[in-house]
Amino acid sequence: MTAEYFMVLGLLGVAFFAVAGALLGYEKNISGFGVVVVATVTALGGGTLRDILLNKPVFWIATPQYLYSTYGAVIATIAFIRYLPRVNNYYFLLVDAVGMALFNIMGIEKALINGSGMVVAITMGVTTGIFGGLIRDVICREVPTVMRSEPYASACLAGGAVYAALFSLNVDYIWCILGSFFTTIFLRLGSLHWGWHLTIFRKKDFRDQSD
Amino acid sequence: MTAEYFMVLGLLGVAFFAVAGALLGYEKNISGFGVVVVATVTALGGGTLRDILLNKPVFWIATPQYLYSTYGAVIATIAFIRYLPRVNNYYFLLVDAVGMALFNIMGIEKALINGSGMVVAITMGVTTGIFGGLIRDVICREVPTVMRSEPYASACLAGGAVYAALFSLNVDYIWCILGSFFTTIFLRLGSLHWGWHLTIFRKKDFRDQSD
Amino acid sequence: MTAEYFMVLGLLGVAFFAVAGALLGYEKNISGFGVVVVATVTALGGGTLRDILLNKPVFWIATPQYLYSTYGAVIATIAFIRYLPRVNNYYFLLVDAVGMALFNIMGIEKALINGSGMVVAITMGVTTGIFGGLIRDVICREVPTVMRSEPYASACLAGGAVYAALFSLNVDYIWCILGSFFTTIFLRLGSLHWGWHLTIFRKKDFRDQSD
């Protein structure tokens with residue numbers, strides 16, 4: 001049962017992230033097949049790092065269905081992108097947020113199954129949630145979203161904290177997932193919609209920021 | 001027999017990629033020892049990722065000869081670069097293409113030996129072929145070649161498809177290698193020479209591309 | 001005894017690197033929680049890569065104390081940064097150099113314990129010493145320090161050579177550590193103070209360097 005939930009979440013997660021990668025590639029006008037590379041790296045990066053860190057078989061090698069889901073989502077995005085009413089940032093932010101929330105949960109769960117404590121598990125969730133998007137932004141030469149637009153990693157962290165709280169109350173598995181998922185999504189999309197932002201510290205003197 | 005071929009391909013592959021990395025470092029005027037770092041990362045990055053993904057001992061730790069080949073190629077490039085008639089992009093593109101074609105084959109083979117199916121193996125070949133050059137470009141703050149100049153990953157993919165086709169026909173091992181190698185090289189260098197390019201999709205409205 | 005030294009070095013190393021990461025995040029005015037991400041990646045990146053390469057359990061998953069040390073150093077930096085007399089590059093360069101020297105030693109030692117030869121061990125030391133700072137610079141879109149300001153990787157290399165020399169003389173463990181540590185620190189900070197730099201090759205013709 002748990003394994004089936006996990007698989008469905010994973011297949012959805014890679015598909016959402018693959019679409020987010022393809023949309024950014026389209027937006028950045030990346031040459032030909034490079035779009036497929038960006039989308040694949042985005043979709044598989046976070047989960048691959050998680051499996052390497054936990055020294056488990058890499059998920060898309062052990063279960064090639066994840067690879068097919070990725071390639072299918074990329075091909076569908078390429079095929080249908082011209083029929084979308086208006087290709088803008090909106091789709092990108094939505095699929096990126098959903099992918100992040102799903103991967104966050106998968107990172108926490110795989111760490112817990114592996115016997116890690118909750119601090120390590122939440123760290124693994126944030127890592128899994130943000131890493132694919134981080135390398136996507138790095139290879140596309142964007143300022144990484146995680147550096148630029150908070151809550152992002154902190155939305156993962158909050159989703160992880162909700163998971164941990166519900167888990168420690170012995171709530172049924174599905175509610176841990178749903179609670180974490182909607183917390184992350186709500187914080188992430190809410191921040192974009194209502195302009196929330198998280199400030200930890202701010203420089204006293206604003207010098208010119210040349211990049 | 002197979003293991004010997006594999007070793008020779010590998011030693012050549014790392015040497016070619018080390019030269020490509022050193023040439024880019026020279027071109028970008030990278031400070032001192034940083035050139036050695038760039039060249040080493042380029043030479044060892046793709047194969048290291050492959051071994052980590054397949055959960056095999058990392059090749060240059062298990063077999064330090066790969067490390068000596070890398071360092072030797074870097075030192076030779078540094079020593080002889082001033083005697084080259086004209087240091088330009090040509091050498092770089094050539095050694096980069098050869099390195100990519102060799103690593104593509106090694107990625108496919110190591111995945112097949114590991115028992116992976118053909119879709120995973122071809123994905124592993126492309127990953128191994130492009131990853132060293134990708135991190136080289138990222139740390140040198142270049143637009144990654146794979147994003148900018150296609151066919152590149154698609155030349156790996158085509159080389160992998162030729163390997164898979166010959167392999168499924170039970171052709172002798174050496175022909176799989178040669179067929180794949182020359183397909184990749186031909187597509188990559190042909191595209192540079194004759195200006196082929198692969199367009200998957202193109203934006204309808206060209207907005208300003210600020211980077 | 002050795003294991004205790006190792007643990008203390010490690011806890012110090014991650015704390016120094018976490019501070020360096022948080023300072024760079026502050027300097028670059030990174031949004032909110034992104035500072036924690038940068039600091040964590042800087043602190044844990046090098047050691048994580050080392051453990052993955054050597055196929056050992058990742059240190060902060062096996063021993064969560066490293067994670068607590070990282071988070072503690074980040075929180076302390078965020079809390080006290082406003083009371084520092086003047087936040088400038090000086091603190092950053094100092095903690096970065098100390099972190100690098102400590103990680104260099106830990107990389108060498110873990111490779112030697114793993115049975116690797118000295119060439120592989122020194123390579124592992126340089127990798128462990130520079131990798132955290134390298135990905136920190138990449139995700140902050142800085143020119144990586146290792147490309148820009150030598151001696152850096154070469155200071156690690158020299159520290160590694162001193163370690164190897166003392167080790168081969170059967171000198172007591174603590175002197176290997178101290179000799180390596182002060183060699184790296186002296187070369188790195190000396191180069192910054194007295195303006196030493198290492199030139200391996202220089203382009204004959206300075207063309208326009210567009211980045």
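Tutor: On a 1 Å grid over the protein atoms alone, a cavity is a set of points where a 1.4 Å probe fits but cannot get out, and lining residues have an atom within 4 Å of a point. The model is predicted, so local features need pLDDT of at least 70 and side-chain atom pairs pLDDT 80 or more, while totals for chains, interfaces and linings use all residues. Residues are numbered from 1 along each chain, chains are lettered from A, and side-chain values use heavy atoms, without hydrogens and water.

Student: Which helix supplies the largest share of the lining of the largest cavity?

Tutor: Among the residues that line this cavity are Ile130(C), Gly133(C), Pro144(C) and Tyr152(C). Helices are DSSP runs (H or I, at least four residues), numbered from the N terminus. H6 (118-139) and H7 (145-148) of chain C each supply at least two lining residues. The largest share, 4 residues, comes from H6(C).

Student: How are H8(C) and H9(C) oriented to each other?

Tutor: Axes are lines fitted to C-alpha atoms over the stretch in contact, and angles run from 0 to 180 degrees between N-to-C directions. Helix H8 (residues 153-168) and helix H9 (residues 173-194) of chain C pack at about 155°, with axes 8 Å apart. Angles over 145 degrees count as roughly antiparallel. H8(C) and H9(C) are therefore roughly antiparallel.

Student: Which residues of H9(C) does H8(C) meet?

Tutor: Contact means heavy atoms within 4.5 Å. From H8(C), the residues involved include Ala155(C), Tyr163(C) and Phe167(C). The partners in H9(C) are Tyr173(C), Trp175(C), Cys176(C), Ile177(C), Gly179(C), Ser180(C), Thr183(C), Thr184(C), Leu187(C) and Arg188(C).

Terms used. On a 1 Å grid over the protein atoms alone, a cavity is a set of points where a 1.4 Å probe fits but cannot get out, and a pocket is an open set with protein on both sides within 12 Å along at least five of seven lines; lining residues have an atom within 4 Å of a point. Angles under 35 degrees count as roughly parallel, over 145 as roughly antiparallel, 65 to 115 as roughly perpendicular and the rest as oblique.
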